[in-house]
Amino acid sequence: MKRTALVRSLAKINLDLRVLHKRPDGYHELRTVFQSISLADRLRISFEKARCSAVTVTSDVEIPGINIAQVVSQAILEQSSLKGLIQIEIEKRIPMGGGLGGGSSNAAAVLLALPALMGWKPSMVQLESIAAKLGSDITFFLYGGAALGLGRGTDLYPLPDVNKRTGILAASGIHVSTADAYRGLQRTALETATAEPAAFRQTVWNLDALQGCRNDFEDSVYRVHPKLRAIHRALESSGAETVRMSGSGSTIFALGGGKPPGRSSILETCRVYPFETVSRRQYQSLWRRQLKEHIQAGELWPPLSRYAR
Ligand code: C5P
């Protein structure tokens, strides 16, 4: 029998992002605060038991490169030792290559939904280990809400939810490669970040105030793409509490209060999306609702952890 789930796969912003030293494994040590937001892709994920396995992923817009939903599906088939036909249809709404974690969110959506459809019950540790192998941001999307990310971003600590805030984000269509953004970081930025752990601690302690938030990629990415600095300034003129670039760019968000930005020629060249922050409680209840036909009450979160047993 074919089992299908329709799920929303939410985007994230980085309320704060500091890049420290390069580590022996080639990744950079991070200090970041992830926050789920309401902007979402839609995925239809189905599974049907069969003698051999096949995975088909389609999307309403072309997704460049290897689709991560495909890779995650293969990893789940391997780990579960189950066989079957997996079909995934993606309706893309989250701008791609924009630092909003759309691909990582889709990957986590498959990690959460597919086991439920297959009747396979992995532990959270198993899911996290698949997530970390495939990308640095995927682990966050297994939990959602507000979370502190350390290490290469996969070492996650839940944070109390910030007050719900509304905002807008501007997607210019400029694609910033994550690897290039890391390479473009100025040494001085790295040194400053390393020297200022106290400033980051202050920001995290006072997250609700959104004061002192920063993103270490902004200077170097804006130097290569001056249009992004102009978008940042245009959003600042709305009087929002915080305007920041998300991840390694290029999406820029304005969060909290402020008037809608006035007519600005630079913003008219962007796609502008309204959004609101999504708490962990909302994120997790969204997932329970999305999978309710396929899981027992109280089963999903966190999957088979000691809290759920
Ligand atoms: O893990 P992910 O695929 O998101 O990373 C893409 C690239 O970004 C990595 O290959 C690496 O060059 C860089 N990166 C990094 N430090 C991190 C995360 C990513 O240098 N913490």
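**View 1. The largest pocket of the predicted model.** The largest pocket of this predicted model has a volume of about 1,300 Å³. A pocket is an open set of points on a 1 Å grid over the protein atoms alone, where a 1.4 Å probe fits, with protein on both sides within 12 Å along at least five of seven lines; lining residues have an atom within 4 Å of a point. The volume is the space filled by probe spheres set on the points, which are joined across faces, edges and corners. Of its 47 lining residues, Ser104, Asp137, Thr178, Ala179 and Ser248 are the closest to the centre.

**View 2. The ligand and its shell.** The ligand takes up the space of the largest pocket (more than half of its atoms lie within 2 Å of the grid points). Among the residues around the ligand are Gly26, Tyr27, Leu30 and Tyr182, each with a heavy atom within 4 Å. H5 gives the most to this shell, with three residues; helices (H or I, at least four residues) are DSSP runs numbered from the N terminus.

View 3. Polar contacts are pairs of N or O atoms within 3.5 Å. Oxygen atoms of the ligand lie 2.8 Å from a polar side-chain atom of His28 and 2.6 Å from one of Ser136. A polar backbone atom of Arg152 is 3.2 Å from a ligand nitrogen atom.

Residues are numbered from 1 along each chain as its sequence is written, and side-chain values use heavy atoms, without hydrogens and water. Local features need pLDDT of at least 70 and side-chain atom pairs pLDDT 80 or more, whereas totals for chains, interfaces and linings use all residues.

Technical notes
Polar contact = N/O pair within 3.5 Å; in protein donor to acceptor, adjacent residues only side chain to side chain. Helix = DSSP H or I, 4+ residues; strand = E, 2+ residues; numbered from the N terminus.
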